[in-house]
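Q: Could you walk me through reading a few features of a structure? I would like to start with contacts.

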Amino acid sequence: MSSASSTTEETAHRTVLLRGGDVHSPADPFATAMVVERGHVAWVGSEGAADAFAAGVDEVVDLEGALVTPAFTDAHVHTTATGLALTGLDLSSARTLADALEAVRAHAAARPHDKVLLGNGWDAARWPERRAPSRAELDAATGGRPLYLPRIDVHSAVVTTALLDLVPGIRDLPGCGDGEPLTGAAHHAVRAAAHGAVTPGQRADAQRAALRRAASLGIGSVHECGGPDISDEDDFTSLLALAREEAGPRVFGYWAERVAGAKDADRIRELGAVGAAGDLFVDGSLGSHTACLHAPYADAPGSTGTAHLDAADVAAHVAACTEAGLQAGFHAIGDGALSAVVEGVRAAAERVGLARVRAARHRVEHAEMLTPATIAAFAEFGLTASVQPAFDALWGGEEGMYAERLGVERARTLNPYAALLRAGVPLAFGSDAPVTPLDPWGTVRAAAFHRTLDHRVSVRAAFTAHTRGGWRALGRDDAGVLVPGAPADYAVWRAEELVVQAPDDRVARWSTDPRSGTPGLPDLSPGADLPVCLRTVVFGQTVFERPNE
């Protein structure tokens, strides 16, 4: 990819012509060129028409056959934690408990000055030992130093005795079982202590690392999901400030704290948040046995998980946010939690009016264990489902963690993306990084090749959910697509032949016929190479460029 420029200054106000590639745009399914002016798309069209613009622009970029698409939006990210995972101890690749303990031992030896050792990503469900590291094993591996090691879903954690000793009263808090991974209030307390040991400089380095990684993957926007039970206000506001001050992906912050009235809503806005949403927990996670279910877990018959909020709590929050003109949202995974959300939103709609609730575009994170009734309610109330297809790729299937927790029949019902789309429910895709990695094309592939055939969607629908869907979840319909007037947030890709993939092979064959006028996307079949990001641009400004391209 090469360019000829009339000036070396790189600003959002330059006029740039990109030509000689494939531009993914509904404005022209055969577009090969695009003009960007003052941070917005000014024109898309054919190569022949591009000649008329060439003399009047500041820069001409020869795409050399590359693909240009809207930049991805990751609709659920924990930015600092993602950066710490990128720069710290990541146990997601550990194949056994012994591997994990050896990695902890090596990390402790390599970081002798850290006040608290931080790690993430372990998943005992994938180990032959089928159990978490014990406190005694971690004490030995760290030499008695403080260690915080959350499970991959970040809803439970194992810790060392030294970290427990830093939290007064921890052993009396709910969720502090003897020798078991910490959950609930106990987990939140040790997490606060562990993250409190991170210096402002370490935090900023982690945030930059996460945003750099996002930009290198063609991600132009992230939805940061913060809150008092997840991070802290300093972490949240420092991230928003860094994103404002430095070139990189846009960051839209959600703060997960309950709102009772206008004063609470004002405080949320003062933090810089766009909504009182994200990980406002109605329940926990399936992996940690804390997602709230109607019927007991298959592998824990005495438990139906944990309910943090009930329908009355949901109704109060949604009504207050709606009246304050603020987007509300919740974390809800289990069918019990999702029933509580739907019942609560229904009660709020009866209180403040259905039209106002729908206009607010409230959202639900994860929304995994849906039923036809809750899907219909999502559509009725205009709720956005902010979902993570990589969860199915990682934990789905008849022998996966979901089947182990729920049994095969219930597990097959999880993450029904096709049914959501058929019902008209808006979808926004994300990663929940660091729970699963930042990987937008992998996310699109996971939705298109869902482990349950009936839940699969077309690549085009999945791509839309990961681009335009994230903007619509923010209440903006003018972005996430390359049409004149839209923000110039785009990525340039090295990709193989473009195709149109859909769950029905007949549709796929018809759509690749040029007469269909359907713009193609890279082949994401399992085993195919994923596209490589060459450049990421946000509001007309390059925030990532692959070296030597």
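A: Contact means heavy atoms within 4.5 Å. This is a predicted model, where local features need pLDDT of at least 70, side-chain atom pairs count only at pLDDT 80 or more, and totals for chains, interfaces and linings use all residues. Residues are numbered from 1 along each chain as its sequence is written, and side-chain values use heavy atoms, with hydrogens and water left out.

Q: Leaving aside neighbours within four places in sequence, which residues is Leu286 in contact with?

A: Its partners include Ala291, Leu293, Tyr297, Ile333, Met401, Leu406 and Leu414, and also Glu368 and Arg405.

Q: How do I read a nonpolar core, and which residues have the most contacts inside the largest one?

A: A core is a set of buried (under 20% relative accessible area, 1.4 Å probe, protein chains only) Ala, Val, Leu, Ile, Met, Phe, Trp, Tyr and Cys residues joined through side-chain atoms within 4.5 Å. The largest here has 98 residues, with Val282, Leu286 and Phe378 making the most contacts inside it. Helix H11 (residues 335-352) gives the largest share of this core, 9 residues. A second, separate core has 19 residues, Val16 and Val61 among them.

Q: And sheets: what is the strand order in the open sheet of 4 strands?

A: Strands (DSSP runs of at least two residues; helices, H or I, need at least four) pair if DSSP finds at least two bridges between them. The order is E9-E10-E11-E12, with mixed pairing. Strands E9 (89-90) and E12 (157-159) are at the edges, each with a single partner strand, so one side of each has no neighbour in the sheet. E9 pairs with E10 in the parallel sense over 2 bridges, and Asp90 stands opposite Asn120 in E10.

Technical notes
Buried < 20%, exposed > 50% of the residue type's maximum accessible area, 1.4 Å probe, protein only.
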